[in-house]
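Please read these notes with the sequence and the structure open beside you.

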Amino acid sequence: MFGREANVTALTYLHDQPPASRADTDRVIVEVCSDEVLQQVIWLSRPQSKAELPSRYAAIHDEGVRRYGQPRGEGLLGMVVWPSGRTLPAVRKAVARASARHDCTG
């Protein structure tokens with residue numbers, strides 16, 4: 001799927017399409033500017049249960065610390081940012097069919 005706004009095109013790859021075909025991936029959105037090429041990559045995980053969310057987020061957080069040092073922000077299960085890596089992982093509540101679940105966004 002794709003969408004366009006001004007000179008930015010957003011390409012959305014669903015979980016069964018590369019580059020979104022990894023096990024824990026729900027979709028990947030790639031935003032491309034016609035003037036400046038790649039602008040942003042947004043990765044959305046599959047919905048996580050409350051039980052598995054802390055360990056999943058901790059792994060993402062720890063990798064960010066390994067690559068970019070300590071982040072700015074609230075810490076685990078909040079929203080943090082690594083300005084030097086231009087990386088911002090976040091957790092949002094997603095309403096599934098039968099119950100509320102969470103996914104990781106980065």
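This is a predicted model: local features need pLDDT of at least 70, side-chain atom pairs count only at pLDDT 80 or more; totals for chains, interfaces and linings use all residues.

1. Residues are numbered from 1 along each chain as its sequence is written, and side-chain values use heavy atoms, with hydrogens and water left out.

2. Strands here are DSSP runs of E with at least two residues, numbered from the N terminus. Two strands pair if DSSP finds at least two bridges between them. Strand β1 (residues 2-5) pairs with β2 in the antiparallel sense, over four bridges. Arg-4 stands opposite Thr-9 in β2. The two strands, β1 and β2, form a hairpin with two residues between them, and Ala-6 in that turn has a positive phi of about 55°.

3. β2 and β3 also run antiparallel, joined by seven bridges. Val-8 has Cys-33 in β3 as its bridge partner. In the loop between β2 (8-14) and β3 (25-33) lies Pro-19. The peptide bond from Pro-18 to Pro-19 is cis, with omega near 5°.

4. Most residues other than glycine have a negative phi, and most peptide bonds are trans. Val-37, not a glycine, has a positive phi of about 65°. Val-37 is found in strand β4 (residues 37-45). Is Val-37 buried or exposed? Val-37 counts as exposed because its relative accessibility is 57%; exposed means over 50% relative accessible area, buried under 20%, and partly exposed in between (1.4 Å probe, protein chains only).

5. Arg-86 has a positive phi near 50° and sits in the loop between β6 (80-81) and β7 (90-95). At 80% relative accessibility, Arg-86 counts as exposed.
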